[in-house]
Amino acid sequence: MTESPRHPFTGRGLGRFQAAADGGQPFDVPTRTVRLLLRDPDEHSPGVDGAWWPRGDNLTAELHDLVSALTPRLGRSERIAFDWNALSVSQRGIDAPDGIDIVGPAPDQPSDLMYVYGGGALRLRLLIIAPTLDADRAYETMQKAVAPDLGKI
């Protein structure tokens with residue numbers, strides 16, 4: 001009896017990702033829950049649109065999951081601008097065939113904000129929470145980032 005090879009994480013083999021037929025990102029469903037909190041789409045703010053609390057220092061290792069989580073809000077991600085640390089740069093998790101430009105920060109971009117650009121003029125500004133922050137403090141920071149008036153009620 002011949003068994004087909006098992007690929008437990010993707011279910012589609014270990015080849016390169018292929019662009020989705022609907023034009024979405026070519027990534028599998030996230031492998032774990034992304035620690036992301038977004039402002040309501042109808043709320044506009046001069047500050048941030050959301051907060052992301054990555055699990056480790058190599059942010060590029062978690063970008064596929066982040067991009068997948070942002071797709072319903074942003075559509076296809078085209079570019080991500082951030083002040084990448086040396087670990088993230090050396091262990092890139094996004095490659096040219098993935099269709100996303102990974103660039104450094106814009107001249108006026110704060111070092112703790114990640115800009116994720118979709119089609120047209122869509123952009124999300126994500127506050128990056130330090131992965132080493134304890135859970136209670138990280139969650140509180142995320143809440144304040146997306147709903148700063150929450151504490152004034």
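Student: Which way do L113, Y115 and Y117 point from β5, and which way do M114 and V116?

Tutor: This is a predicted model, to be clear. In it, L113, Y115 and Y117 point one way from β5, M114 and V116 point the other way, and all are buried.

Student: Ok, so why is β5 described as largely enclosed by the rest of the structure?

Tutor: Because five of the five residues in the strand, which covers residues 113-117, are buried. Buried here means under 20% relative accessible area.

Student: What does β3 do next to β5, parallel or antiparallel?

Tutor: Antiparallel: β3 (residues 79-81) is joined to β5 by three bridges. If you want a spot to look at, A81 stands opposite Y115.

Student: And how many bridges are there between β5 and β6?

Tutor: Five, again in the antiparallel sense, with β6 spanning residues 123-128. V116 has L124 as its bridge partner in β6.

Student: What's in the hairpin between those two?

Tutor: Five residues lie between the strands, and G120 in that hairpin takes a positive phi near 65 degrees.

Student: Switching to packing. Which residues touch the most other members of the largest nonpolar core?

Tutor: That core has 18 residues, and W52, L63, L66, I80, W84 and M114 touch the most other members. The elements giving two or more residues to the core are α1 (63-74), β5 and β6. α1 gives the most, with five residues.

Student: Is there a second core, or what else is there?

Tutor: A second, separate core has twelve residues, W53, A81, Y115 and L127 among them.

Student: Last topic, cavities. How many of 30 Å³ or more does the structure hold?

Tutor: One. About 60 Å³ of space lies in the largest cavity.

Student: Which residues line the largest cavity?

Tutor: R32, T33, V34, R35, W52, W53, R55, E62, D65 and L66.

Student: What's the lining of the largest cavity like by class?

Tutor: Four nonpolar residues, one polar and five charged.

Technical notes
Residues are numbered from 1 along each chain as its sequence is written. This is a predicted model: local features need pLDDT of at least 70, side-chain atom pairs count only at pLDDT 80 or more; totals for chains, interfaces and linings use all residues. Side-chain values use heavy atoms; hydrogens and water are left out. On a 1 Å grid over the protein atoms alone, a cavity is a set of points where a 1.4 Å probe fits but cannot get out, and a pocket is an open set with protein on both sides within 12 Å along at least five of seven lines; lining residues have an atom within 4 Å of a point. Grid points are joined across faces, edges and corners, and a volume is the space filled by probe spheres set on the points. Ala, Val, Leu, Ile, Met, Phe, Trp, Tyr, Cys and Pro count as nonpolar, Asp, Glu, Lys and Arg as charged, and the others, Gly among them, as polar. Buried means under 20% relative accessible area, exposed over 50%, partly exposed in between (1.4 Å probe, protein chains only). Helices (H or I, at least four residues) and strands (E, at least two) are DSSP runs, numbered from the N terminus. Two strands pair if DSSP finds at least two bridges between them. A nonpolar core is a set of buried Ala, Val, Leu, Ile, Met, Phe, Trp, Tyr and Cys residues joined through side-chain atoms within 4.5 Å.
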